[in-house]
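Q: Can we go through this model together? I would like to start with the charged side chains and then move to other topics.

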Amino acid sequence: MIPNGVEEEDKFLSAGIAGLQQNAFYMHRALDSNNLKDALKYSAQMLSELRTSRLSPHKYYELYMRAFDELRKLEIFFKEETKRGCSIVEMYELVQHAGNILPRLYLLCTVGSVYIKSKEAPAKDILKDLVEMCRGIQHPLRGLFLRSYLSQVSKDKLPDIGSEYEGDADTVVDAVEFVLQNFTEMNKLWVRMQHQGPAREKEKREKERSELRDLVGKNLHVLSQIEGIDLEMYKETVLPRVLEQVVNCKDEIAQGYLMDCIIQVFPDEYHLQTLETLLGACPQLQPSVDIKMVLARLMERLSNYAALSTDVLPEFFQVEAFAKLNSAIGKVIEAQEDMPIDGVVTLYSSLLTFTLHVHPDRLDYVDQILGACVKKLSGKGKLKDSKATKQIVALLSAPLEKYKDIDTALKLSNYPHVMEYLDDATSKVMANVEALFELMKGLIRDLDENLDDEVIRDFSAYLDEEDFMEEQNSVARLIQMLHNDDPEEMLKIICAVKKHILTGAPKRLPFTVPPLIFNCLKLVRGLQNQDENAPEEEASSMPKKIFQILNQIIEALSSVPVPELSLRLYLECAEAANDSDLEPVAYEFFTQAYILYEEEISDSKAQVTAIQLIIGTLQRMHVFGVENRDTLTHKATGYSAKLLKKPDQCKAVYSCAHLFWVDDQDNIKDGERVLLCLKRALRIAIAAQQMSNATRGSSGSVLLFIEILNKYLYFFEKGVTQITVASIQSLIELITTEMQSENKTADPAAESLLACTLRYIQFQKDKGGAVGEKYESIRS
């Protein structure tokens with residue numbers, strides 16, 4: 001039973017970690033001495049800590065991750081043992097003698113991973129054995145994490161087409177069967193969690209289950225990555241089996257999440273060809289499942305697919321996608337009589353967006369959707385609900401944005417009837433912003449292309465560059481001043497402004513885009529400070545939508561182009577996403593910034609500035625996991641070492657050291673890599689000195705050496721154990737030698753900086769205590 005007190009639970013976690021680390025220590029000692037028997041003994045004792053029932057899922061995950069890291073080392077040891085002549089088959093049998101079933105199965109999965117790699121037995125046989133063995137753990141939490149580990153260690157060893165583990169005929173069937181079986185068992189365990197414990201803790205259990213849902217969903221992601229699954233197999237085997245499990249589990253949380261997973265992870269063309277099957281499952285879901293969001297996301301995926309290319313549109317016509325979706329929406333709305341009005345309008349808005357992408361020439365379809373919406377809204381009067389109003393605005397905006405013509409919208413007989421349901425305040429806000437920018441269109445757009453060339457030349461002569469900049473700065477100030485206390489209304493204003501400024505000429509965008517970007521970021525940060533009791537869906541969906549808008553706005557700058565400005569804006573957005581704890585969004589903005597740096601920024605001075613911005617922003621990021629952060633820091637250090645000028649290279653590389661040691665983040669303290677950056681910077685500085693000596697006959701300035709010395713002192717003071725007194729002393733002696741060299745050119749700036757640095761060292765010595773003792777050995 002999980003304890004009620006957070007402090008008590010923390011004690012259990014600390015005890016578990018302590019036990020795990022103690023046994024891991026003895027396991028490491030056994031690994032170092034190649035003692036297989038003791039390694040298995042202590043690893044089993046270490047894994048026994050995972051048998052606890054006293055931790056919440058969040059705390060259990062912490063314990064599991066520590067065990068996972070140790071198992072990776074154990075797996076490497078098993079590989080080395082096979083190279084030393086130990087039989088993998090005997091090892092596979094040996095680990096099954098572990099006393100308790102949970103450690104036994106973790107060890108079995110670990111050895112099984114090495115067994116598959118050895119190819120001494122078909123991968124399908126080993127995987128089948130492992131997935132069946134894991135049935136021995138029926139405790140929901142422990143079973144979920146065990147099967148998650150099995151999925152993790154096996155995902156790159158499935159007998160897929162083209163894989164090195166591919167077997168005989170039907171090998172893909174075996175891979176699919178393994179993943180489906182693991183998925184089914186994990187979902188059963190996940191659902192069972194809902195029915196354990198007293199009814200009063202229902203909300204707590206639902207929150208805990210929500211924290212664990214990705215463990216189950218990862219199976220569907222693995223399934224979608226199997227190369228051998230073609231449309232026929234997906235249609236005949238994969239989708240029916242997955243939907244069968246979704247429907248039969250009869251759990252609203254699992255059904256809503258898994259339907260969303262299916263829609264997100266499998267290809268769009270597969271959804272299109274299996275539309276009838278997918279839609280047929282919707283009425284079989286629990287009444288409390290938010291089916292409107294399931295259908296809305298499906299239509300969004302299909303709309304984006306249709307927007308990619310006109311070549312795919314015949315596929316939509318062939319399967320009669322509109323008719324099927326329209327029918328499904330009608331049945332859902334009819335079956336759920338108590339569906340909120342905003343849900344109804346959301347469904348029709350999604351269907352309208354889909355129709356405008358697939359059947360832009362079928363105004364009758366568009367009018368049919370609007371008519372169905374009017375029928376459902378009849379008798380409701382003007383809508384007061386903000387969510388419903390927002391969806392009505394989206395519904396009315398879609399035809400205008402598609403056809404760019406009010407006359408076409410007026411041909412839709414039901415269009416004016418939908419407008420009647422907008423509340424007066426919304427109509428007024430939208431009208432005011434639209435009217436303002438309509439009056440300003442001469443300031444944000446170029447002259448009409450149909451005007452006489454002579455008129456354009458006369459106007460261009462009249463409006464010189466200085467006047468143009470003053471004019472555009474005025475527009476920027478106006479955009480910056482736009483504000484509304486209601487986030488929903490502010491978002492509408494931003495969308496209206498975006499529509500107008502993106503129609504402007506490219507040369508105007510560098511002036512008008514940044515203020516709009518910062519207005520968006522101001523809104524995002526305002527949402528972070530809102531009351532924590534706000535509805536979860538509302539709190540999480542709006543920032544994501546704003547970041548999508550931000551991405552679209554910055555992309556528009558590519559037509560200018562102003563890559564340095566775009567890079568700065570991408571980094572600003574990445575930092576805002578970091579503050580909102582949206583890791584995928586922050587990573588995407590960094591990716592776009594890196595692409596700009598690689599493809600667009602070629603000027604050496606601009607590259608130096610860009611690198612410093614990238615390093616500074618990345619150093620402040622706390623949202624990234626280990627893998628994403630490693631990828632980004634690796635790229636940043638690579639860019640730094642490739643700058644044109646050696647001094648610039650040196651400064652960028654020693655700045656990168658800060659990416660591996662961040663004071664307020666315990667997981668970012670890698671002294672080895674800090675030292676590696678500083679040593680690399682020192683080698684570059686020495687190379688710069690040698691180059692200066694060869695080309696100018698003098699050794700040049702030692703300023704770079706002194707700057708590196710200051711970095712050494714900074715990290716020495718921060719407690720980086722790899723920065724030793726000996727390394728600092730060696731650097732001071734190098735600087736002294738260089739400054740006394742006959743070829744040395746006088747450099748007052750370097751001499752002044754060195755004097756200040758040495759005074760600082762003496763100041764720290766004079767402090768006494770621990771600080772003074774630390775610096776005492778440094779001879780300056």
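A: Glu-75 has a relative accessibility of 2%, so Glu-75 counts as buried (buried is under 20% relative accessible area, exposed over 50%, partly exposed in between, with a 1.4 Å probe and protein chains only). This is a predicted model, in which local features need pLDDT of at least 70 and side-chain atom pairs count only at pLDDT 80 or more, while totals for chains, interfaces and linings use all residues. Residues are numbered from 1 along each chain as its sequence is written, and side-chain values use heavy atoms, with hydrogens and water left out.

Q: What does the side chain of Glu-75 meet in a salt bridge?
A: The partner is Arg-72, at 2.4 Å from N to O. A salt bridge here is a side-chain nitrogen of Lys or Arg within 4 Å of a carboxyl oxygen of Asp or Glu. Both residues lie in helix 3 (residues 57-83), three residues apart, about one turn of the helix. Helices are DSSP runs of H or I with at least four residues, numbered from the N terminus.

Q: How many salt bridges does the structure hold?
A: There are 25. One of them joins Lys-119 and Glu-164, at 3.1 Å from N to O. That pair links distant parts of the chain, 45 residues apart: Lys-119 is in the loop between helix 5 (101-118) and helix 6 (123-133), and Glu-164 is in the loop between helix 7 and helix 8 (171-192). Lys-119 is partly exposed at 45%, and Glu-164 is exposed at 52%.

Q: What about Asp-251, which residue does it form a salt bridge with?
A: Arg-209, with the closest N and O atoms 2.9 Å apart. Asp-251 sits in the loop between helix 10 (231-248) and helix 11, and Arg-209 in helix 9 (residues 202-224), so the pair ties together parts 42 residues apart in sequence. Asp-251 is buried at 6%, and Arg-209 is buried at 0%. Elsewhere, salt bridges with shared partners join Glu-132, Arg-135 and Glu-185 into one network.

Q: What does its side chain reach at 2.7 Å?
A: The side chain of Arg-142 reaches the backbone oxygen of Arg-51. Beyond neighbours within four places in sequence, the contacts of Arg-142 (heavy atoms within 4.5 Å) include Leu-50, Thr-52, Tyr-60 and Leu-102.

Q: Last one: which helices do the buried residues of helix 14 pack against?
A: Helix 11 (252-265), helix 12 (268-273), helix 13 (275-281), helix 15 (313-319), helix 16 (321-335) and helix 17 (341-358). The buried residues of helix 14 include Leu-295, Met-299 and Tyr-305.

Methods
Helix = DSSP H or I, 4+ residues; strand = E, 2+ residues; numbered from the N terminus. Polar contact = N/O pair within 3.5 Å; in protein donor to acceptor, adjacent residues only side chain to side chain.
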